[in-house]
Amino acid sequence: MSHSYTALKPITKEEPDDDDEAFELQIRTNDLENNNKELRLDVEANHSSSRHPHHARSSSTSSFIHFKAPIQPDTSRDSIEVASTDNNYNENNENNSICASTEIKGGLRLASQALPSLLMSVVGLVVAGWMMDIFQHWDVFVEISELFILVPVLLNLKGNLEMNLAARFSTSANLGDLDNPNTRNSLVWGNLSLIQVQALIAGSIAGLFSFVLGIIEHPDEPATVSDSILIITSSMISATVSSLVLGVFMCLLIILSRKLKIDPDNIACPMASSLGDVVTLGILAGCAQALSNSGGSTLSLGLFVVMTLSIPFFAKSVWKNKHVKELLLSGWSPIIFAMLISSFAGLVLERYVEEYRGLAMLTPILCGLAGNLGSIYASRISTCLHAGTQEQYTLVEWTLLAMNIPVQILFLVLTWILDLGHLDFTFSFAVTYFIVAMLSTFIALKMGKYMTLTFWKRGYDPDNYVLPYLTAIIDVICASLLVISFAFLSSNNLADLATTQSASS
């Protein structure tokens, strides 16, 4: 029997490759030949020793079990392929039906969770526009025109901070980090301290940036130190207070979503975007008006010093937290560069807002919805990358794109009924705007996907880098497409969108 063991020794040590059918078939064929040789050796040995022919087959039996080789020596490749094809056909039919049912349920779940948050974001954007229409007549906005420049810059910066917080916390929730009370408390306090550091620094940068742009755009108007301190202080106060309110709200919302088994990736980013604009704009206007009424710059300067001295306190708290320690020094570049990119959208809007009616009202709605849908997609992909799972790209893309249809139709109906923006609401206008909205959303979804995968591939956390760039670029694209569509409709007499000043000139 020593010859039989020697013949089987190389085969029992070799591992088949399941991914290569030809290699596996060759292994089975060799195993079959070796066992045939073993049978002949057994017969010869048993004839010589007069022992039972089926004695001592444990080794060869283990070889058969390991490779699952067929017993019949005349088994061919065709018979193996036919049997495996029949089994695979039945299994594939069952798997396809299960996968189709799972995909339908996943799409319905995404739509049922994300659609309400998108509708609320539309309400928030409309309310923010209505508030701005009121605030522009306040004395402080009339006296200090730089506040008009500060509004879009600050809203963009604050929106990026809150959406980054929502994306990070949603990923932690889906990974199960919030299920542990100690880890959950550490993540909550760490992220709240981090967003305070970011809000104070970003608020001061936004205020200073707006003041400098005001000097460049209006060199003839005198700029005073008290105005600069008021702008920077108002920006910092609105940024830090709104970050505290919205940070606590977002943390509670995501924790509650986790307990209710709702995917926070589907609701967090739109809620952060819509509520952030309303809260930040209200605090900014109220704070600026209060500081202006107080007279002098002593109070503004005192508040500025207090907030500046509080930055090291929050930074120390972040540095001691292992969950957010690395974010204290990283992630600043996308926030700053996003501010610069979004300023181009402001320049486009400022250039054409006096030429076309309704442009100021439609731009934030269009940009906000496209950015929110792209942010949902990017946040979902980031969570899948962190969890090591596969996102259903086609299903999610088409679901989010389809969700944009009823939202945009609802907005157009409200615009027509309420006469928002005093637009010349023609059929051509409605169709053109709808096409621009769908195209902007499609671009946002594709950008969200490929930007997330690219940043992940290059070793950057998409939760901290993708959303600022995505929303800023989408703002520029949406504003440009909307201006082009307005120009097309006006030049072809399809809708009377030009203002009186533009028409007379």
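A nonpolar surface patch of about 810 Å² is formed by L119, I405, I409, L410, V413, L414, W416, I417 and L418. The structure is a predicted model, in which local features need pLDDT of at least 70 and side-chain atom pairs count only at pLDDT 80 or more, while totals for chains, interfaces and linings use all residues. Residues are numbered from 1 along each chain as its sequence is written, and side-chain values use heavy atoms, with hydrogens and water left out. Patches consist of residues with over 30% relative accessible area and no salt bridge, with like charges joined within 9 Å and nonpolar side chains (Val, Leu, Ile, Met, Phe, Trp, Tyr) within 5 Å. Accessible areas come from the Shrake-Rupley method with a 1.4 Å probe, and for residues only the protein chains shown count as cover.

Helix 13 (residues 393–418) gives the largest share of the nonpolar patch, eight residues. Helices are DSSP runs (H or I, at least four residues) numbered from the N terminus. L414 belongs to helix 13 and is partly exposed, at a relative accessible area of 37%. Buried here means under 20% relative accessible area, exposed over 50%, and partly exposed in between (1.4 Å probe, protein chains only).

With neighbours within four places in sequence left aside, L400 is in contact (heavy atoms within 4.5 Å) with L110, L373, I376, Y377 and L445.

A search of the whole structure finds five salt bridges, each defined by a side-chain nitrogen of Lys or Arg within 4 Å of a carboxyl oxygen of Asp or Glu. D179 pairs with R258, with the closest N and O atoms 3.0 Å apart. Because D179 lies in the loop between helix 6 (146–174) and helix 7 (181–217) and R258 in helix 8, this pair ties together parts that are 79 residues apart in sequence. D179 is partly exposed at 47% relative accessibility, and R258 is partly exposed at 29%.

R380 forms a salt bridge with E391, the closest N and O atoms being 3.0 Å apart. R380 is in helix 12 (residues 359–387) and E391 in the loop between helix 12 and helix 13, so the pair joins parts eleven residues apart in sequence. Both R380 and E391 are buried, and D263, R380 and E391 are linked in a network of salt bridges.

A further salt bridge joins E397 and K446, with the closest N and O atoms 3.1 Å apart. This pair links distant parts of the chain, E397 being in helix 13 and K446 in helix 14, 49 residues apart. E397 is buried at 11% relative accessibility, whereas K446 is partly exposed at 25%.

Helix 14 (residues 427–457) is followed by G459, whose phi is positive, near 90°. K261 has a positive phi of about 60° although it is not a glycine. The residue K261 lies in the loop between helix 8 (225–259) and helix 9 (268–294) and is exposed, with a relative accessible area of 71%.

Definitions and conventions
Helices (H or I, at least four residues) and strands (E, at least two) are DSSP runs, numbered from the N terminus.
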